[in-house]
Amino acid sequence: MEKVLMSVQEHNDRNARSKKMLLWFAMISMFMMFAGLTSAYVVSSSRPDWLKNLEMPQAFLVSTVAIFISSFTFHFAKTAVKKGNHSGATAMLLATLALGILFVVSQFYGFSEFVANGLYLTGPASNITTQFLYVIIVLHLVHLFAGLLVLLVVIYNHFKHKYNPSQTLGIELGALFWHFLDFLWVYLFLFFYFY
């Protein structure tokens, strides 16, 4: 009996390691894509039609603060699950969801600031600089929508009591992906802000 239990535990450990490794490969691939895009941005900045001294919208600063704080709330949710604090985890997961939604809303406000300043994605008023910005930011938003879907699945599973101090794999994977999205946006924001 003990041997059977050990092999079940070993199987669960291997399964968890495999899922974490797959997530790491996916995140590294996503980061490489964004590194390539920001490298192309740097190379393209030598073009004569490149916009110099482009200011980032204030709404992007709000979104940066929101996603940064949301990483902490997701971490505290995971910690609460590991301590068996269901209500604390619920509060932190819902706070993470609210901050994620605030991030998306403020991103769209940032786009509206671009448009108000005459910076368009397409048309005669567009240029290569704004096209790069729009494409990179929209690609991050697509990944963030995936992160919100993951977060909703984590919240659903949490309400179904699928997580407890001995079963945290789902919330750990969700938190890891969310932290990656946070890191990626902070990297992009700082890159655009200082470059």
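# Briefing: helices and salt bridges

Arg-14 and Glu-10 lie four residues apart in helix α1, so about one helical turn separates them. Their side chains meet in a salt bridge, with N and O 3.8 Å apart. The model is predicted. Its protein chain has five helices and zero strands.

**Overall build**

- Along the sequence, the protein chain follows the pattern α-α-α-α-α.
- The C-alpha trace spans about 75 × 30 × 25 Å along its principal axes.
- The protein chain has 195 residues, and buried residues make up 43% of them.

**Helix packing**

- Two packed helices are described by the angle between their axes and the distance between the axes.
- Helix α2 (residues 58–82) packs with α5 at an angle of about 160 degrees. Their axes are 9 Å apart.
- Angles over 145 degrees count as roughly antiparallel, and α2 and α5 are therefore roughly antiparallel to each other.
- The crossing of α2 past α5 is left-handed.
- Helix α3 (residues 86–116) and helix α5 (residues 169–194) have axes that come within 13 Å and cross at roughly 30 degrees. That makes α3 roughly parallel to α5, because angles under 35 degrees count as roughly parallel.
- The crossing of α3 past α5 is left-handed.
- The axes of α2 and helix α4 (residues 128–159) come within 13 Å, crossing at roughly 25 degrees. By the same cut-off of 35 degrees, α2 is roughly parallel to α4.
- The crossing of α2 past α4 is left-handed.

**Salt bridges**

- Side chains of opposite charge can pair when their charged atoms come close.
- The whole structure holds four salt bridges.
- In the Arg-14 and Glu-10 salt bridge, Arg-14 is partly exposed, with a relative accessible area of 49%. Glu-10 is also partly exposed, at 38%.
- Asp-49 and Arg-47 form a salt bridge through their side chains, at 2.8 Å from N to O. Asp-49 is partly exposed, with 39% relative accessibility. Arg-47 is partly exposed too, at 37%.
- Lys-82 forms a salt bridge with Glu-172, and the closest N and O atoms are 3.8 Å apart. This pair links distant parts of the chain: Lys-82 sits in helix α2 and Glu-172 in helix α5, 90 residues apart.
- Lys-82 is partly exposed, with a relative accessible area of 41%. Glu-172 is buried, at 18%, because buried means under 20% relative accessible area.
- Lys-20, Lys-82 and Glu-172 belong to one network, joined by salt bridges that share partners.

**Nonpolar surface patch**

- Six residues form a nonpolar patch on the surface: Met-21, Leu-22, Trp-24, Phe-25, Ile-28 and Met-32.
- Together these residues have about 680 Å² of accessible area.
- Met-21, one of the patch residues, is in helix α1 (residues 2–44).
- Met-21 counts as partly exposed, with 46% relative accessibility.

**Points to check on the structure**

- Is Glu-172 buried or exposed? Glu-172 is buried.
- Where is Met-21? Look for Met-21 in helix α1.

Methods: Residues numbered from 1 in each chain as written. Predicted model: local features only at pLDDT ≥ 70, side-chain atom pairs only at ≥ 80, totals over all residues. Heavy atoms only, no water. Patch = residues over 30% accessible without salt bridge, like charges linked within 9 Å, V, L, I, M, F, W, Y side chains within 5 Å. Areas by Shrake-Rupley, 256 points an atom, 1.4 Å probe, with all protein chains shown as cover. Helix = DSSP H or I, 4+ residues; strand = E, 2+ residues; numbered from the N terminus. Buried < 20%, exposed > 50% of the residue type's maximum accessible area, 1.4 Å probe, protein only. Axes fitted to C-alpha atoms, helices over the stretch in contact; angles between N-to-C directions. Parallel < 35°, antiparallel > 145°, perpendicular 65-115°, else oblique. Left-handed = near helix turned anticlockwise from the far one by under 90°.
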